[in-house]
Amino acid sequence: MAKTKVLERKPLSLAERTYLPQIVTGLKTTLVNMLRPSVTLQYPEERPVIPENYRGVPTLVKDPNGREKCVSCQLCEFVCPPKAIRITPGEIADDADTAHVEKAPKEFDINMLRCIYCGLCEEVCPEEAIFLQDVFSVSGYSREEMINNKQKLYELGGTLPDRHRKWDKKKAAELQGAAHH
Amino acid sequence: MDWFTAYMLPVIYAVTMIVVVMSIAGYSVLAERKVSGWIQHRTGPNRTALPIIGAIPVLGPFLTRLGLFQPLADGLKFLFKEDITPGHVRRGYFIAAPIIAIVPALTTMVVLPFGQYTDAEGVVHPLVLANIDIGILFILAVSSLGVYGIVLAGWSANSKYPFLGGIRSSAQMVSYELAMGLSILPVFMWAAVPEPGNLNGLSLFGVVQVQQGFWLAMWQPVSALIFLVAVFAETNRLPFDMAESETDLVGGFHTEYGSFKFGLFFVAEYAHIVIGSAVFVVLFLGGWNFLPFIPAPWPDGMVGAVMSVLWFLLKIFFFIFFFIWVRWTLPRFRYDQVMTLGWKVLLPLAVANLIFNTLLIALRDTL
């Protein structure tokens, strides 16, 4: 067993026993702290800095051309642990500019009452179409209001830069004779 | 116009005084919240805005950030909240208790001098509602009635936490009143200089007039210290807030109270703080005298009167700040520590101080 050394406690001096010098020291401490700036964030006007990898509300994004990236493969719907996502697949019209993408969601609902912000949908998405971005406060007056539909999801998501431009390359390849296929 | 000066003028003065003291009490609630915030690196209330004043470009947001409209909102809330009286209380006493608590708090201000007025002949008059010769005796007598409100509240609420709070607070107030009374005896012995024509006695105005040179806190630091501690105990402020003591008694004596009745207790507490600060300033910090040894620069007449009142108010405001400052510095005493401090330290100290000062004053008067 380790040796223990019992320290003698020094008897309190008279000044210490009156308790008054300690009170003065304490008053000094609180006064110094009072003159320090406050750390309060005035919330609705001032917003906290959200880190890059924050998992906020899941949103749908468009690519820089303004094309919706989701191709309604429904992987996120399948992976979603609380089954918060519901996708109704649809087709892209043949005469559309992006007809070669073939599919897009007709409806895309995320129920924010079920969502657990796990981020698996973002992780699984092969098209990098769904992102958990920096929105962190969700509120509504009814259950229906808490279901984000497709339009709302795109409003929240906006446009993100795209490094791959997969469908641009595919279209170019189709036109120029299958260089990549 | 005789009836006007005889009956109406005192009423107008009294109402003005009540309005001033009550608004100082209301705004010291705001000061409490603001200073608490600042000491903890927060901002305190800064959202409540009035429709028209709050919309003035620069001033409005500034006042809103200072929280100046917050007391209005708080007061309205106390007025309009549902007034719930629990079924198990003793109803008559339960309703009487807040009234009994607030009446002494507001009565003591009658004898409190708050400024001076020098008339054309150079005679100095006190600004006070009733300049009675036994001012301090009146204050001590009436303010000790405040304990009845707390005891009644604790008993009539008919549940255990208010009961404990009431008992604690009454024991504490009775204990500290002894030390308080003994600590101010030397002050009045000092003030009553045996000169021909000096009829100061127990008059508060006389005490202030004596302090034109030295303030009494310098002559009698021990008295000042004992009185200060006793004032903290009498107003039930931290570190002596045994009566409330949220951690062990929920809310203490006012646990069962809500809305306007609670508001009365709340205002009474802060009115006590205002009056206690004022009494301390009058007794020990020179009242409205400017600074030690610097004669008051107030001119004669009304201007001088207003200036002396403002200087007096400034001292009171500092003292209210001191109350709040101490609250956020010291932890609450344990109950037995409060009793030990009151009976075994302050009371003997006050007696020793009284004897010492008696000898000192006797020496001064014979030499």
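Colleague: How do α4(B) and α6(B) run relative to each other, roughly parallel or antiparallel?

Modeller: Roughly antiparallel. Read the angle first: under 35 degrees is roughly parallel, over 145 roughly antiparallel, 65 to 115 roughly perpendicular, the rest oblique. Helix α4 (residues 91-107) of chain B packs against helix α6 (residues 146-156) of chain B at about 160°. Their axes are 7 Å apart. An axis is a line fitted to C-alpha atoms, for helices over the stretch in contact, and angles run from 0 to 180 degrees between N-to-C directions. Helices (H or I, at least four residues) and strands (E, at least two) are DSSP runs, numbered from the N terminus. This is a predicted model, where local features need pLDDT of at least 70, side-chain atom pairs count only at pLDDT 80 or more, and totals for chains, interfaces and linings use all residues. Residues are numbered from 1 along each chain as its sequence is written, while chains are lettered from A and ligands numbered from 1 in the order in which they are written.

Colleague: What is the hand of the crossing of α4(B) and α6(B)?

Modeller: That crossing is left-handed. Left-handed has the near helix turned anticlockwise from the far one by less than a right angle; right-handed is clockwise.

Colleague: Which residues of α4(B) meet α6(B)?

Modeller: Contact means C-beta atoms, placed from the backbone, within 7 Å. On α4(B), look for B:Y93, B:F94, B:A96, B:A97, B:P98, B:I100, B:A101, B:P104 and B:A105. On α6(B), the partners include B:G149, B:I150, B:L152 and B:A153. By class, that contact has 13 nonpolar, three polar and no charged residues. Nonpolar covers Ala, Val, Leu, Ile, Met, Phe, Trp, Tyr, Cys and Pro; charged covers Asp, Glu, Lys and Arg; the others, Gly among them, are polar.

Colleague: At what angle do α7 and α10 of chain B cross?

Modeller: At roughly 150°. Helix α7 (residues 160-191) and helix α10 (residues 221-234) have axes that come within 8 Å. The two helices are therefore roughly antiparallel to each other. α7(B) passes α10(B) in a left-handed crossing. The α7(B) side of the contact includes B:M173, B:Y176, B:M180 and B:I184. The α10(B) side includes B:I226, B:F227 and B:E234. This contact counts eleven nonpolar, three polar and one charged residues.

Colleague: Now whole chains. How compact is chain B?

Modeller: Compare the radius of gyration, taken over C-alpha atoms, with the globule rule: 2.2 Å times the number of residues to the power 0.38. Chain B has 14 helices and two strands. Its radius of gyration is 22 Å, close to the 21 Å that the rule gives for 367 residues, so chain B is as compact as a globular protein of that length. Its C-alpha atoms fill a box of roughly 65 × 55 × 50 Å along the principal axes.

Colleague: What does the radius of gyration say about chain A?

Modeller: Start with the elements. Chain A has six helices and five strands. From the N terminus on, the order is α-α-β-α-β-β-α-β-β-α-α. Here the radius of gyration is 29 Å, well over the 16 Å of the globule rule for 181 residues, so chain A is more spread out than a compact globule. The C-alpha box of chain A is roughly 95 × 50 × 30 Å along the principal axes.

Colleague: Is A:S72 buried or exposed?

Modeller: A:S72 counts as buried, with 22 C-beta neighbours inside 10 Å. It lies in the loop between β1 (58-60) and α3 (75-79) of chain A. Check its backbone too: phi is positive, about 50°, although A:S72 is not a glycine. A:R165 has a positive phi near 50° and is likewise not a glycine. A:R165 sits in the loop between α5 (150-157) and α6 (166-176) of chain A. With 13 other C-beta atoms within 10 Å, A:R165 is partly exposed.

Colleague: Where is B:Q212?

Modeller: In the loop between α8 (204-210) and α9 (216-219) of chain B. B:Q212 is partly exposed, with 16 C-beta neighbours inside 10 Å. Leaving aside neighbours within four places in sequence, B:Q212 is in contact with B:N289 and B:P295.

Colleague: How many residues does each chain bring to the contact between A and B?

Modeller: Chain B gives nine residues and chain A gives ten. The chain B side has five nonpolar, three polar and one charged residues.

Note on methods: Two residues are in contact if their C-beta atoms, placed from the backbone, lie within 7 Å. A residue is buried if 20 or more other C-beta atoms lie within 10 Å of its own, exposed if 12 or fewer, and partly exposed in between; C-beta atoms are placed from the backbone.
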